[in-house]
Amino acid sequence: MRTKTTKQNKINVVTLGCSKNVYDSEVLMGQLKANGKEVVHEDENDEGNIVVINTCGFIGKAKEESVETILHYAQKKEEGEVDKVFVTGCLSERYKPDLEAEITNVDQYFGTHDLPNLLKVLEADYKHELIGERLTTTPDHYAYLKIAEGCDRPCSFCAIPLMRGKHVSTPIEDLVTEATKLAEKGIKEIMLIAQDLTYYGLDIYKKRALADLLKELVKVDGIEWIRLHYAFPTGFPMDVLEVMKNEPKVCNYLDIPLQHINTEILKSMKRGTTHEKTTALIHKFREAVPNMAIRTTLIVGYPGETEEQFQELKDWVEEMRFERLGAFEYSHEENTGAYVLEDDVPADVKFRRVNEIMEVQSQISWELNQEKIGKTFKCLFDRKDGEYYYGRTEFDSPDVDNDVIVDAREYYIKLGEFIDIEIFDAGDFDLYGKPVVKQERPVLLNQKRK
């Protein structure tokens, strides 16, 4: 028989999915802390007796992971290891009635816009004055900055508008306040995220205002790198490139998911562009900022994608030589525009096509990395794992891009600091380097100098 735990209330927030979810969990945790609640993030050793699961509902595999996590904690509740389980986020927003019917041992389900209601059941008040106050879960030197919520794009394969609603920009002054508070905590790098950076400002300023936002953020003392994630190609504000070129704090880096290159596929995807326009846009980027690193993502196996259309995509990847690229299998999602189409590309064909694209990209990445040997780059170091330090250049975002690896047996590096690294070797996706100026190891208080 289940017995109630005797632990003092501690709330464990479990985050699944993308960086937008990470940000939302951090805001939730900041609100809870401001209400005097004890809160932890994915604490494996002392999980807390109240669990909040922030779910992802984007594609099939993410949905499966979210459901498995809910079932895991529902079982823990049944066994008396936790007292309450709450579910929030995208999966809950999209499938709340189904979840309530199928997994009944969850105390309550909440959507993506239910933060005040979630706080209420956690016996906390939503504090409107807490602009920028959140408990960051990333390393102490970088953080995500969500500049907008929702999306107005009609992409046929995407369920985000179903889960996140219409695009809503956060005012520039609020984002500057938030960035300032992050800098005061020691954050050196901020990554601007949204479902669509390109659309930023149209709803509140009646113009695309990403460049205006960047010009204000670079004034924040302590922030040294500003990185752009998730821009949409159609309507991209070209004045952003001028800011990137002239402002050292804005990384020469752009994450711009292009999804495909065949014009017929792009039309069916409702991307509002063509093969020719997309190629011309990338050329304009590289003309304006010659040393820009462009990250993109592609979808293979979209309904009706022929071998010829896939070959066109593969040839285009070889031609464009993107610095960073990821490829994903199409996921047939309910209530999206493409759901009425037949998901007619077999799973094994999708799998093969992803691998073929990534084989091409691996070779491109290796060739581009060889060009970096002998050069020196300013790097920010995120972690030490075993006998190696792992850092990044301005051309690399954490978790998804290349690492700069330094031997910890030979060199000492202070994490969270910028250091000039000379590259002496390179693989497909990693660079190997050494500090230009060797750093002294700190002397421990109880360690006598010899």
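Aspartate 396 and arginine 324 meet through their side chains in a salt bridge of 2.6 Å, N to O (a salt bridge being a side-chain nitrogen of Lys or Arg within 4 Å of a carboxyl oxygen of Asp or Glu). This pair links distant parts of the chain, 72 residues apart: aspartate 396 sits in the loop between strand S15 (388–392) and strand S16 (403–407), and arginine 324 in strand S13 (residues 324–329). Helices (H or I, at least four residues) and strands (E, at least two) are DSSP runs, numbered from the N terminus.

Before going further, a word on the model. It is predicted, so local features need pLDDT of at least 70 and side-chain atom pairs count only at pLDDT 80 or more, while totals for chains, interfaces and linings use all residues. Residues are numbered from 1 along each chain as its sequence is written, and side-chain values use heavy atoms, with hydrogens and water left out.

**The opening pair: burial**

- Aspartate 396 counts as buried, at 1% relative accessibility (buried means under 20% relative accessible area, exposed over 50%, partly exposed in between, with a 1.4 Å probe and protein chains only).

- The structure holds 33 salt bridges.
- One of them joins the side chains of arginine 352 and glutamate 307, at 2.8 Å from N to O.
- Arginine 352 belongs to helix H12 (residues 347–370) and glutamate 307 to helix H11 (residues 307–320), so this contact ties together parts that are 45 residues apart in sequence.
- Both ends are partly exposed: arginine 352 has a relative accessible area of 31%, and glutamate 307 has 36%.
- Arginine 352 also forms a salt bridge with glutamate 356, where the closest N and O atoms are 2.8 Å apart.
- Those two residues both lie in helix H12, 4 residues apart, which is about one turn of the helix.
- Glutamate 356 is buried, with a relative accessible area of 18%.
- Salt bridges that share partners join Glu305, Glu307, Lys314, Arg352, Arg353 and Glu356 into one network.

**The barrel**

- 5 strands close into a barrel with mixed pairing, in the order S14-S15-S16-S18-S17 (two strands pair if DSSP finds at least two bridges between them).
- From one strand to the next, the twist averages 55° (axes are lines fitted to C-alpha atoms, and angles run from 0 to 180 degrees between N-to-C directions).
- Strands S14 (residues 376–385) and S17 (residues 418–426) run antiparallel and are joined by 5 bridges.
- Cysteine 379 stands opposite isoleucine 419 in S17.
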